[in-house]
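Dear colleague,

Please find the structure below, handed over for your review.

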Amino acid sequence: SITQNQSYPNPYSPPVGKLSFSYYLSNAADVTVRVYKTTGGIVKVFNVSGKLGYNNFEWDGTQENGDILSNGVYLYQVFAKDASGITGSSKGKIIVLR
């Protein structure tokens with residue numbers, strides 16, 4: 001399972017600093033984080049390895065095309081799949097104010 005999912009600072013002001021994602025995994029797992037516009041379009045996808053316990057990674061606020069995020073609300077989903085195939089997910093919001 002994924003618990004204690006959060007992003008900070010929130011609101012975030014790119015390109016100043018980085019946005020951190022943190023979450024707790026009950027098992028080591030492959031993790032995919034997808035950031036979406038509220039209209040459903042994908043802004044950025046991250047594939048990272050997650051360990052049992054607390055995990056953290058940072059993002060510089062650039063989209064897949066290299067542009068910096070615009071002001072607005074973005075949604076994200078953290079999806080994890082462990083070695084035995086068990087999956088879990090968690091969702092959150094990011095507010096961008098430049």
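A search of the whole structure, which is a predicted model, finds 7 aromatic pairs; rings of Phe, Tyr and Trp (for Trp, its six-membered ring) pair if their centres lie within 6.5 Å, and planes under 30 degrees apart count as stacked, over 60 as edge-to-face and the rest as tilted. One of these pairs joins phenylalanine 21 and phenylalanine 46: the ring centres are 6.3 Å apart and the planes stand at 55°, so the pair is tilted. Because phenylalanine 21 belongs to strand S2 (residues 19-25) and phenylalanine 46 to strand S4, this contact ties together parts that are 25 residues apart in sequence. Strands here are DSSP runs (E, at least two residues), numbered from the N terminus.

Phenylalanine 46 also meets tryptophan 59, with ring centres 5.6 Å apart and planes at 75°, so this pair is edge-to-face. Tryptophan 59 lies in strand S5 (residues 53-59) and phenylalanine 46 in strand S4, so the pair links parts that are 13 residues apart in sequence.

A single aromatic cluster is formed by Phe21, Phe46, Phe57, Trp59 and Tyr76.

Strand S4 brings us to the sheet. It is an open sheet of 4 strands in the order S4-S3-S6-S7, with antiparallel pairing; two strands pair if DSSP finds at least two bridges between them. Strand S4 (42-50) and strand S7 (87-96) are the edge strands, each pairing on one side only.

Strand S3 (residues 29-37) pairs with S4 in the antiparallel sense over 8 bridges. Within this pairing, valine 31 has valine 48 as its bridge partner in S4, and aspartate 30 has serine 49. S3 and S4 form a hairpin with 4 residues between them, and glycine 40 in the turn has a positive phi of about 105°. S3 is also joined to strand S6 (residues 72-82) by 9 bridges, again antiparallel; here the bridge partner of valine 33 in S6 is valine 78.

Residues are numbered from 1 along each chain as its sequence is written, and side-chain values use heavy atoms, leaving out hydrogens and water. Because the model is predicted, local features need pLDDT of at least 70 and side-chain atom pairs count only at pLDDT 80 or more, whereas totals for chains, interfaces and linings use all residues.

With kind regards
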